Number of protein chains: 2
Amino acid sequence: MNKKIQVCLTPALLPLYNIEDFVVVVIDIFRATTSICYGIENGAKAIIPVAHVEECAAYRNIECDYLLAAERDGEIVAGFDFGNSPFSYTADKVAGKTIVLTTTNGTHALHLSRKAKKIVIGSFLNLTAISNWLKNQHENILLVCSGWKNNFNLEDTLFAGALVERLKSEGFRPDDPAIAANDLYNLAKNDLDGYLKKTSHSERLKKLGIERDIAFCLNVDTTTAIPVLEGDMLVKL
Amino acid sequence: MNKKIQVCLTPALLPLYNIEDFVVVVIDIFRATTSICYGIENGAKAIIPVAHVEECAAYRNIECDYLLAAERDGEIVAGFDFGNSPFSYTADKVAGKTIVLTTTNGTHALHLSRKAKKIVIGSFLNLTAISNWLKNQHENILLVCSGWKNNFNLEDTLFAGALVERLKSEGFRPDDPAIAANDLYNLAKNDLDGYLKKTSHSERLKKLGIERDIAFCLNVDTTTAIPVLEGDMLVKL
């Protein structure tokens, strides 16, 4: 096998890739893709990612049974049911429901990746499930870090590095960003939370009072569902 | 002091920064900024960075005494005196001369940074000189990695990390890319050459037969000159 594993460190760099050649994993650890994995695991029928708050609001008129979730700058947008805290995606809230979701970074990355061969959603929650699935695809893999407002962030890069760690032994060839992500993951893996405490984003999230969310987002292998984009909806693979 | 040290991992991310707020260090380790440091150390009167090969060629008609240097994809462009190998920037070749230079990545990053408060040129060759100078500027510092064709590369990131290492103890606050660069540098610092051997760029450069250049570019503190942009020319600070 002679397939690549590459890491796109921010959505701003996506134009540098022939996205059609890749299976894409979208990563937004704090908190969009963690919550998507958790929601799909907990029986959400589908999650519809939309790029803009207005698009999300427009669904209110289409189908009143939808849950509308909108987050900007880490906070729930006024007038919406909820944002992207994983604690809003428990079974009692989402089972059997369709959620329309827009977030600062994660849904942006998803939309820019839509020409990929396939798009799946990754987080520490489904690390083993998604790496096992990727191993069997025999396709070039692009790990798309959602970052923070188009710039690099550490938490998404660490998770990309965790996936590279699992896949490089399967013969996938890493590029420079994948090597860097992998080395950073190996530095941080024994204490992800401690490592991330030194980041700026961690400070920002602490101010928002969501440390409980952060701890939740760093749980490894608590779910097995793999959300996949079908048409304009994320559903269980 | 409450100043920032930030790392822009590729020129494609420069639009995310208010470049006017920063003193910028442009970094293109293999090989443009290494050769610029070496050339200025060796008595070049000035180096004029230009973005396009045509611009470089146009200088032939202005002043026949200029040395014209053009590199694309790692090779000297046909019809030019030389490219960006540091061995072309020895005292016997450049002392007293003005060089017009265009390269794939380094001069591109320089041009995109031109609204900065000040632009200086960094490489492992002048690491201590440039960090000591930066410490005394009391300005926000942005380390601009030239990367490879607008994407991330490891060698520029490692050098950025070396500068962060020297400056963080002086109270400069790193952002996420600076933390990542610094951690990668600390992983690699005892064997930079060995660390970089695993990169894709290293493979590419090996094919070009320039391993001797690569080894030269990883020499630390062999020069003390700091090239600074004045108008459209790089001169000795």
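Predicted model: local features only at pLDDT ≥ 70, side-chain atom pairs only at ≥ 80, totals over all residues.
**The contact between the chains**

- Chain A brings 23 residues to the contact, and chain B brings 23 residues.
- On the side of chain A that touches chain B, at least two residues each come from helix H6 (154-168), helix H7 and helix H9 (200-207) of chain A.
- H7(A) gives the most to this side, with seven residues.
- Sorted by class, the side of chain A that touches chain B holds eleven nonpolar, eight polar and four charged residues.

**Helix H7 against helix H7**

- Two packed helices are described by the angle between their axes and the distance between the axes.
- Helix H7 of chain A and helix H7 of chain B, residues 176-188 in each, have axes that come within 10 Å and cross at roughly 80 degrees.
- Because angles of 65 to 115 degrees count as roughly perpendicular, H7(A) is described as roughly perpendicular to H7(B).
- From H7(A), the residues that make this contact are Ala180(A), Asp183(A), Leu184(A) and Leu187(A).
- From H7(B), they are Ala180(B), Asp183(B), Leu184(B) and Leu187(B).
- An α-helix has 3.6 residues a turn, so residues three or four places apart point the same way.
- The residues of the contact of H7(A) with H7(B) comprise six nonpolar and two charged, with no polar ones.

**Helix H1 of chain A**

- Helix H1 of chain A covers residues 32-41, and ten of its ten residues are buried, so the helix is largely enclosed by the rest of the structure.
- A residue counts as buried if 20 or more other C-beta atoms lie within 10 Å of its own.
- The buried residues of H1(A) include Ile36(A), Cys37(A), Tyr38(A) and Ile40(A).
- Thr33(A), Thr34(A), Ser35(A) and Glu41(A) are also among the buried residues of H1(A).
- Just after H1(A) comes Gly43(A), which has a positive phi of about 95 degrees.

- In chain A, the peptide bond from Phe30(A) to Arg31(A) is cis, and its omega is near 10 degrees.
- Arg31(A) lies in the loop between strand E2 (22-27) and H1 of chain A.
- In chain B, the bond from Phe30(B) to Arg31(B) is cis, again with omega near 10 degrees.
- Arg31(B) sits in the loop between strand E2 (22-27) and helix H1 (32-41) of chain B.

- Asn150(A) is not a glycine, yet its phi is positive, at about 75 degrees.
- This residue, Asn150(A), belongs to the loop between strand E8 (140-145) and H6 of chain A.
- Asn150(A) counts as partly exposed because it has 17 C-beta neighbours inside 10 Å.
- Lys149(B), a residue other than glycine, has a positive phi near 50 degrees.
- The loop that holds Lys149(B) runs between strand E8 (140-145) and helix H6 (154-168) of chain B.
- With 14 other C-beta atoms within 10 Å, Lys149(B) is partly exposed.

Note on methods: Residues numbered from 1 in each chain as written. Chains lettered and ligands numbered in written order. Axes fitted to C-alpha atoms, helices over the stretch in contact; angles between N-to-C directions. Helix = DSSP H or I, 4+ residues; strand = E, 2+ residues; numbered from the N terminus. Parallel < 35°, antiparallel > 145°, perpendicular 65-115°, else oblique. Contact = placed C-beta atoms within 7 Å. Nonpolar A, V, L, I, M, F, W, Y, C, P; charged D, E, K, R; others polar. Buried ≥ 20, exposed ≤ 12 C-beta atoms within 10 Å, placed from the backbone.
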